[in-house]
Structure formats: structure tokens, C-alpha cells
Amino acid sequence: MPGQAAELVFDEATKQYEGRDDVAVDHLSLTVPAGEICVLVGPSGGGKTTALRLVNRLIALTSGDIRIDGTSILEQDVVRLRRGIGYVIQQVGLFPHMTVEANIGTVPRLYGRPRGWIHTRSQELLDLVGLDPSYAKRYPAQLSGGERQRVGLARALAGDPPLMLMDEPFGAIDPIVRARLQDAFLELQKEVRKTVLFVTHDIDEAIKIGDRIAIFRRGGRLAQYDTPRAILDKPADDFVAEFVGADRALKALALRTLAELELGPPADGPRIPRASTVRQALSLAIEKQAQVLAVTDGEAVVGSVTRDALLT
């Protein structure tokens with residue numbers, strides 16, 4: 001089966017549907033380094049989902065090319081190509097007549113993996129996505145929406161793909177569960193380090209999830225491709241600035257952690273972990289009406305930070 005992470009390159013990738021004057025994806029060129037999360041975001045009709053579906057040839061290129069680790073998708077057998085790519089969608093798409101374990105084992109079975117190997121792999125992946133191994137014998141109808149999404153993620157990882165495509169995977173879930181799934185996914189990515197192409201309509205999700213963000217404008221044209229911090233600091237034009245939002249300075253606070261700040265000496269005050277973002281710290285200071293927060297590492301207070309320092 002496949003393994004490792006793969007570099008993904010769009011090279012003037014273009015899609016124009018037959019009989020249409022407009023272009024769905026217009027000469028898209030960008031590179032996603034191996035092991036990074038690239039989030040595609042933009043208005044409806046911007047071409048982000050079309051761009052994602054070009055990668056596994058669910059939609060055919062009109063012109064240009066897409067390469068995975070230097071090999072054109074057009075040179076690969078389409079079945080082999082798709083087996084080597086993990087795919088997670090908003091509707092999850094679990095097979096309702098199959099158990100969770102059988103759903104997770106879909107791709108490994110196609111590779112001829114034995115039943116014992118699939119059972120062990122399913123148990124490992126359930127644990128990895130934060131579900132008890134006892135879920136293996138349940139059916140999709142017995143799961144909550146958030147649990148189904150976790151199983152969908154486990155199934156996408158089962159074949160150890162070098163590349164994962166995620167099309168608004170958390171879009172149909174309530175905000176609290178959605179935030180938990182985002183956090184769980186980021187923790188999971190630290191362990192598996194896959195190359196991920198992730199589509200969302202939510203710029204806040206893009207900033208939280210992405211190592212890099214590709215912002216599309218209508219007509220399938222790329223408006224800006226950069227790190228979240230670079231986009232927030234220097235939007236390419238008025239369209240990007242408006243799309244990111246007038247509160248982009250506040251959004252930027254979510255990209256810095258307290259570990260990046262020069263802390264003051266240990267002090268009394270509401271406690272907050274050192275791994276927390278500046279935005280979380282500022283929110284806590286406002287909520288508790290505190291001028292100083294005690295910064296912790298585990299149970300120990302390792303320093304302090306003032307509200308004024310959070311705003312500078």
C-alpha cells in the first residue's frame with residue numbers, strides 16, 4: 001500500500017465545462033509541500049471543490065496538469081490513483097449495511113490485506129481518531145454525526161495514503177462538535193503528517209487548519225496563496241482583505257501562542273496553558289476581568305502575561 005506524504009503540484013490546471021463560456025478553474029498553479037495542509041477557500045462558484053475533484057479525476061482536466069510526487073495524474077491508472085488518495089466528504093458516505101470495522105477496511109481489502117490485519121488496523125485507527133475500539137462492531141446508523149465523521153477520517157487513513165482530499169468534512173456539524181473535530185484532526189496530523197487538500201467556505205476554519213491557504217475569487221482564479229499569517233498581515237488586494245474580514249488583526253491573534261511570547265515572572269491570576277493562543281488568553285482575561293494571567297506548563301506556573309502584553 002502507499003505511504004509517506006506526497007508533494008502536490010497544480011500546473012496551469014484548468015477546467016471549462018462543455019457548452020459553458022465561463023471557466024470553473026482558471027489556470028491554477030500552486031505547490032503543496034509534502035506533509036502540509038493546504039486549505040482552499042473562497043465564495044460560492046470560486047472553483048475550490050472543482051479543483052479538489054480534479055486531483056482524483058472525479059472531474060477531468062480541460063488543460064494543464066496535476067502531479068503527485070512528480071507523476072502526472074493523467075499518466076496513472078484512475079483506479080490505482082483513487083486507491084492511493086484518502087477522501088473525506090461532508091456527507092461522510094459510510095456504507096450503511098457494513099460495520100464500522102468493515103467500512104474502515106474498505107481500501108485495505110482492495111489491496112488484499114487479510115482479515116486479521118484489517119481488524120488490527122481498524123482498532124489502531126479508531127483509537128487514533130478518538131473512538132473506543134468497541135465501536136468497530138457498530139453500524140453507521142448507531143453513530144452521532146461527529147462519530148461518523150471520525151470513522152470517515154479513519155477509513156480515509158486506512159490505506160496509509162500519501163495524499164488526503166477533504167471536502168468540507170466538518171461543515172454539517174454543530175459548532176461545538178466542529179471545533180472538537182478540528183482540534184482532533186490537527187492533533188492527528190501531528191502524528192500521521194499527510195499532505196492534505198482541504199476545502200471549506202469558512203475563513204476562520206481555514207486559518208485554524210491550514211499551513212497554507214489558497215483564496216479563490218469567482219471564476220476559479222487564484223487570488224492569493226500563502227501562509228495564514230502572511231495573508232492576514234498583507235492581503236493581496238481589496239477582494240482578499242474583504243473576504244478575510246475587517247477583524248483580521250483579531251484573527252491573527254489565533255496564530256500566536258503564549259509559548260512565543262516573552263513571559264513575565266510567575267504570578268497569581270487565572271491559569272492558562274502555555275500552548276494556548278494569544279486570542280484565547282485575551283478572551284480569558286476579558287472574561288475574568290483580569291489584568292494578569294498565570295501561564296502554566298502542566299501543573300506548574302512558569303510565568304505570567306499581562307493583558308497589555310497580549311495587545312502589543
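The model is predicted, so local features need pLDDT of at least 70 and side-chain atom pairs count only at pLDDT 80 or more, while totals for chains, interfaces and linings use all residues. Residues are numbered from 1 along each chain as its sequence is written, and side-chain values use heavy atoms, with hydrogens and water left out.

**Exercise 1.** Determine which residues of helix H12 (residues 278-288) are buried, and how they are arranged.

Solution. Helices are DSSP runs of H or I with at least four residues, strands runs of E with at least two, numbered from the N terminus. Buried means under 20% relative accessible area and exposed over 50%, with partly exposed in between (1.4 Å probe, protein chains only). By that criterion, Val278, Ala281, Leu282, Leu284 and Ala285 are the buried residues of H12. Seen down the axis of H12, these fall within an arc of 160°, so they line one face of the helix; the arc is that of the directions from the helix axis to the C-beta atoms. The face turned away from the buried side carries the exposed residues Ile286 and Glu287.

Next, the buried residues of H12 pack against strand E11 (271-273), strand E12 (292-297) and helix H13 (307-310), where contact means heavy atoms within 4.5 Å.

**Exercise 2.** Describe the make-up of the lining of the largest pocket.

Solution. H7 gives the largest share of this lining, nine residues. The lining residues divide into 10 nonpolar, eight polar and 13 charged, with Asp, Glu, Lys and Arg counted as charged, Ala, Val, Leu, Ile, Met, Phe, Trp, Tyr, Cys and Pro as nonpolar, and the others, Gly among them, as polar.
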